[in-house]
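Welcome, and thanks for taking a look at this one with us. Please have the sequence and the structure open side by side as you read.

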Amino acid sequence: MANQDFDIDQLAAYLHLTPQQVEKLANRGTVPGRKVGGLWRFSKGDIHHWLEDRIGLSDEAELLQVENVLDRSGPDNDEAVSIAGMLRPETIKTPLLGKSPRKIIVELCDLAAEAGLLWDPAKMADAVLARENMHTTALDNGVALLHPRRPLPDIISEGFLCLGRTYQGVPFGGSRGILTDVFFLIASVDDRSHLRTLARLSRIISDSAFYTKLRDAADPIATIEMIAEFEEDL
């Protein structure tokens, strides 16, 4: 079996389902897979993107379920994801000056590089823009969750987040033409940590009160404290 493939039993263990449930999902085309020699095989990359899409379409209860699945799939001593802990005052910028997707992305990547977290901002910016060109990460609530298609651990010192806000929304390709004014840049060391971060961040931003408090935050430190308060209530 290829190193980047799950078989049914491995995928069942990863998703905390039974092999029979996974086989049903595969037969229905719900989960991406292919048959090799009559046996189901599931690309780890395809499963990563399937989970990523599921996170993007989930409500609070489903996000919690996905987050729990991802938490249980790791070692017992795995630390919980902390969105507030992944932010630093120097990785938060208001206002962002860019007025196009490329300029916003470059600005956030440069911010990470200046903070000593990103060694090749041009490579990250190109990868994030390529991901946006495939399918925008802009949501209908005015937030974009920017990230490359796959993690780039060779150019980051650790997993981190950048957060930027524009005073006027930017056309970012949202499904209903809604302007985007809040931008998170997600940089992870591997697929699992990316999905865990994405699921937890999605739970925070699903609360409509988040945006009011974000806009009222006086400075980066107040922003981090506000996000930490939201996490405590999850």
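## Confidence

This is a predicted model. The chain has a mean pLDDT of 89, with 93% of its residues at 70 or more.

Among the elements of the chain, strand S4 (residues 92-93) has the highest mean pLDDT, 98, while helix H4 (residues 60-72) has the lowest, 71. A friendly reminder: where pLDDT is low, the predicted coordinates should not be read in detail.

## The second largest pocket

The second largest pocket has a volume of about 210 Å³. Two elements, helix H3 (44-56) and helix H8 (191-205), each give two or more residues to its lining.

The residues that line this pocket are Gln4, Phe6, Tyr14, Lys44, Ile47, His48, Arg150, Asp190, Asp191, Arg192 and Leu195.

## A cis peptide bond

Take a look at Thr94 and Pro95: the peptide bond that joins them is cis, with omega at about 0 degrees. Pro95 sits in the loop between S4 and helix H6 (101-114).

## Cysteines

A disulfide is a covalent bond between the sulfur atoms of two cysteines. How many disulfides does a search of the whole structure find? The search finds 0.

For Cys109, the nearest cysteine sulfur is that of Cys162, 7.6 Å away, and Cys109 is in no disulfide. Cys162 is likewise in no disulfide. Cys109 counts as buried because its relative accessibility is 0%. Cys162 also counts as buried, at 0% relative accessibility.

How values were computed:
Residues are numbered from 1 along each chain as its sequence is written. This is a predicted model: local features need pLDDT of at least 70, side-chain atom pairs count only at pLDDT 80 or more; totals for chains, interfaces and linings use all residues. Side-chain values use heavy atoms; hydrogens and water are left out. On a 1 Å grid over the protein atoms alone, a cavity is a set of points where a 1.4 Å probe fits but cannot get out, and a pocket is an open set with protein on both sides within 12 Å along at least five of seven lines; lining residues have an atom within 4 Å of a point. Grid points are joined across faces, edges and corners, and a volume is the space filled by probe spheres set on the points. Helices (H or I, at least four residues) and strands (E, at least two) are DSSP runs, numbered from the N terminus. pLDDT is the predictor's confidence in each residue, from 0 to 100. A disulfide is a pair of cysteine sulfur atoms within 2.5 Å. Buried means under 20% relative accessible area, exposed over 50%, partly exposed in between (1.4 Å probe, protein chains only).
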